[in-house]
Amino acid sequence: MAASAVCFGNTSTSTLCFRRTGAPVFSPRTKAQAQAVSELGFLTSQLSGTKISDYNLSHSITAPPFTPPLQPIVARRICPFTGKKANRANKVSFSNHKTKKLQFVNLQYKRIWWEAGKRYVKLRLSTKALKTIEKNGLDAVAKKAGIDLRKE
């Protein structure tokens, strides 16, 4: 069974932890605090001035380091060639009541023939970028946008 504890304090000072049984546990954060506890046998709390006894420092409970949850990889609604992204707009009703909405970019998945690589490249791009590629060529548009087609 894992021991549970409630801890008070911040990282710059010491942390006071209470075990499930209610016995206080002091966790020193610096070497000076640890030395003060070993010399005195107790430490004065910075919050209320009360003495905290040295209770089994070898078994002190500290909080595990915070690790943020893993974020799923989601394709953003931004065209890599033109940089177009969603526009904030108002949805206006018949009574002229305005509510916020997003106007997203018209992104399409397309297989485009890449002449220099002699193969198809699957891209997610806006229809505006598709027209630009048809006009100027895939290599010129990718070079201007700073996209390396060899990776994809």
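Tutor: Helices and strands here are DSSP runs, at least four residues of H or I for a helix and at least two of E for a strand, numbered from the N terminus. With that numbering, K118 is found in the loop between β8 (107–114) and β9 (119–126). Keep in mind that this is a predicted model.

Student: How many helices and strands are there in the protein chain?

Tutor: The protein chain has three helices and nine strands. Along the sequence the pattern reads β-β-β-α-β-β-β-β-β-β-α-α.

Student: And what share of the 152 residues is buried?

Tutor: Buried residues account for 20% of the 152 in the protein chain.

Student: Back to K118. Is K118 buried or exposed?

Tutor: K118 counts as exposed because its relative accessibility is 55%, and the cut-off for exposed is over 50%.

Student: What does the side chain of K118 contact?

Tutor: The K118 side chain makes a polar contact with the side chain of E115, at 3.1 Å. E115 and K118 also form a salt bridge, with 3.1 Å between the closest N and O atoms.

Student: How exposed is E115?

Tutor: E115 is classed as partly exposed because its relative accessibility is 47%.

Student: What about the backbone of K118, where is phi?

Tutor: Phi of K118 is near 55 degrees, which is a positive value in a residue other than glycine. Most residues other than glycine have a negative phi.

Student: Which loop holds N96, and what is its phi?

Tutor: N96 lies in the loop between β6 and β7. Phi of N96 is near 65 degrees, again positive in a residue that is not glycine.

Student: Where is S95?

Tutor: S95 is also placed in the loop between β6 (87–92) and β7 (98–103). S95 counts as exposed because its relative accessibility is 60%.

Student: What does the side chain of S95 make a polar contact with?

Tutor: The partner is the side chain of S93, at 3.1 Å.

Student: Switching to charges. How many salt bridges does a search of the whole structure find?

Tutor: The search finds two salt bridges. One is the E115 and K118 pair. Another is between D148 and R150, where the closest N and O atoms are 3.1 Å apart.

Student: Are D148 and R150 buried or exposed?

Tutor: D148 is partly exposed because its relative accessible area is 29%. R150 is exposed, as its relative accessibility is 65%.

Student: Which residues gather in a patch of positive charge on the surface?

Tutor: That surface patch of positive charge is made of K84, K128, K131 and K135.

Student: Which helix is K131 found in?

Tutor: K131 is in helix α2, which covers residues 127–136.

Student: Why does K131 count as exposed?

Tutor: K131 counts as exposed because its relative accessibility is 60%, and exposed here means over 50%.

Note on methods
Residues numbered from 1 in each chain as written. Predicted model: local features only at pLDDT ≥ 70, side-chain atom pairs only at ≥ 80, totals over all residues. Heavy atoms only, no water. Patch = residues over 30% accessible without salt bridge, like charges linked within 9 Å, V, L, I, M, F, W, Y side chains within 5 Å. Areas by Shrake-Rupley, 256 points an atom, 1.4 Å probe, with all protein chains shown as cover. Salt bridge = Lys/Arg side-chain N within 4 Å of Asp/Glu carboxyl O. Lys, Arg positive; Asp, Glu negative; His and termini not counted. Charge placed at Lys NZ, Arg CZ, Asp CG, Glu CD. Buried < 20%, exposed > 50% of the residue type's maximum accessible area, 1.4 Å probe, protein only. Polar contact = N/O pair within 3.5 Å; in protein donor to acceptor, adjacent residues only side chain to side chain.
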